[in-house]
Amino acid sequence: MKPLALVSLAALAAATPALAQDDPAMLTAMDIITADNIREDIAALASPAFEGRAPGGVGEEMTVNFIAGQFAQAGIRPAIDGSFMQPFELAEFRPDGGGEMSITGPDGDIAFERGADFVLYAGQPAETLQLDTSRIVVGGFGIRAEEEGWDDYAGMDLTGATVILFRGDPGTATGNDDLFGGNALSVHGLMGSKADLAAELGAEAVLLVHTEASAGYPWETLSSGGASGVQYSLDDPEADLTLFAHISQPAAARLMAAVGLDYDTVYAAAAEPGFTAIDTELMASGRLTGSVSSTTTRNVVGMIEGTGAPEECIVYSAHWDHMGVNPDAPTDDHLFNGAVDNAIGTSMLINIAQAFASLPEAPRRSIYFFATAAEERGLYGAEYFVDHSPCELRNIAGVLNMDAHFPYADHWGLMVVPGLGTNDLQTALESPASRYGRYLIDDPNPAAGGFYRSDHYPFIEAGVPGLYAVGAPTPEQAAADDRINRGFAWYMANGYHHAADEIDRPYVWRLGGVTEDARIYFELGWQLSQSGDWPNFTEGTPWRALRDEMRAE
């Protein structure tokens, strides 16, 4: 990892009040969080018996009962009307296979191969999804943003069209701070924002161009089957696409070349003000069939009631779900264990809950331990919790989210905080991080949108400050220990949303850094739970007004 900026914590650590850092009961409780305890829970959650922890079925049943059992054994109370379970319904689409798609141009069929060139998804839950000779429009970044004076679709009728779109936004494409905030992905650059707008304007399909830089992971993550298989949805949007596909950058370039367009030229033009969508002579056809049903999935929520201000709360979150079993995956192994993503985070959640439960006296504020469902499918469990929170949103002081922490070192020198500087929780993180000699840095690749891609974001979107942070090496650490670089490189190429995401791969894990992560999270939550402060968003962020209005009620 290449840090964007380093924040020195030495002066801050020296000035931090000893009563916050060195409370004997807090330190004793923190000792419960150990690498051995974390490993034990990971081994259970990522075992083949848990079937990849997909929503519904045996895998979910084993997972939610395991988490609830760990909570109950520690003395954590059920938080949802006397139960640990918070059930909700998901629409389910189970494809018969990978589907078909073909593209024709002025000179006939263009090579377009499933897996190598595209991965196809249902745009809506329906048994048969058919696209017939839909004209293709190159829509640039697919954005309509009045505040930016931007409309990629000005003057273009998208009715029945298939739209080729680039990931990201003009700011991430150019680094120009005057466009959509620059390098950090804006909400307009989110995949869902693009698909929703295209559907609203009448499009039937979206072909989203994948690059490793814009997505943050290689094409093989999609083509390996980890991102396909059964699809779930929570909402019933007013407008639906028929089909959605990720397409590779070489495939996109080939399609454009068939109608005389140069990919690089179009991409550069789309990132400049004044671009408008390009109608082409390309036609898309596609078909995807499958079964449609609904499934009940469950968030698991426990709590410790506060002694001084029980109506105020801190929320810890980690998603328990992963990709399950995909019989159509193009590998011999069809079971996606999800050890890093996110058996590690769920184990951290369990260990932090056990640490809080061991305190001789409950904290001033209530603590909720929230194992979220269906994160991999669209942050649906967190969205449902936000809409049905057992703690009033205005009374949530902060959300501390754990997702895919890295097991490749005994100690980390950095902590990567996507969206660093957007809210006060990130400032509060500095103190417990300094205990382990860590520096905070922003996401080295903010264009990939990691800030939006985990369960803290639905809370942020609703006006509640949230935090997601993971341990990482300093450049000096990475240079001195080849196993660190080897671990990260292996995970991004072979582990992330691959069936190979299993415990102790690519070598026996070193969980000291993960243990530090968990202890830092524990101490931060403990400090917030004893405080009367109300973290807020930074002035100028889109969520500051929401929080101010919420707290003024």
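Me: A disulfide is a pair of cysteine sulfur atoms within 2.5 Å. What is the distance between the sulfur atoms of cysteine 313 and cysteine 391?

Reply: First, a heads-up: this is a predicted model, where local features need pLDDT of at least 70, side-chain atom pairs count only at pLDDT 80 or more, and totals for chains, interfaces and linings use all residues. Residues are numbered from 1 along each chain as its sequence is written, and side-chain values use heavy atoms, leaving out hydrogens and water. Applying the disulfide rule gives a count of 1. Cysteine 313 and cysteine 391 make that link, and their sulfur atoms sit at a distance of 2.2 Å.

Me: How many residues apart in the chain are cysteine 313 and cysteine 391?

Reply: The link is left-handed, with -105° about the S-S bond. Cysteine 313 belongs to strand S14 (residues 309-319), while cysteine 391 is in the loop between helix H13 (380-387) and strand S18 (396-402).

Me: Is cysteine 391 buried or exposed?

Reply: Buried means under 20% relative accessible area, exposed over 50%, and partly exposed in between (1.4 Å probe, protein chains only). Cysteine 391 has a relative accessible area of 3%, so it is buried.

Me: Which residues does alanine 68 contact, leaving aside neighbours within four places in sequence?

Reply: You'll find alanine 68 in helix H5 (residues 57-74). Alanine 68 counts as buried because its relative accessibility is 9%. Contact means heavy atoms within 4.5 Å. With those neighbours set aside, alanine 68 touches Phe84, Met85 and Val300.

Me: Which residue in S10 stands opposite leucine 165?

Reply: Leucine 165 points the same way from strand S9 as Val163, with Thr162, Ile164 and Phe166 pointing the other way, and all are buried. S9 pairs with strand S10 (residues 205-210) in the parallel sense over 5 bridges; pairing takes at least two bridges found by DSSP. Across in S10, leucine 165 faces leucine 208.

Conventions:
Helix = DSSP H or I, 4+ residues; strand = E, 2+ residues; numbered from the N terminus.
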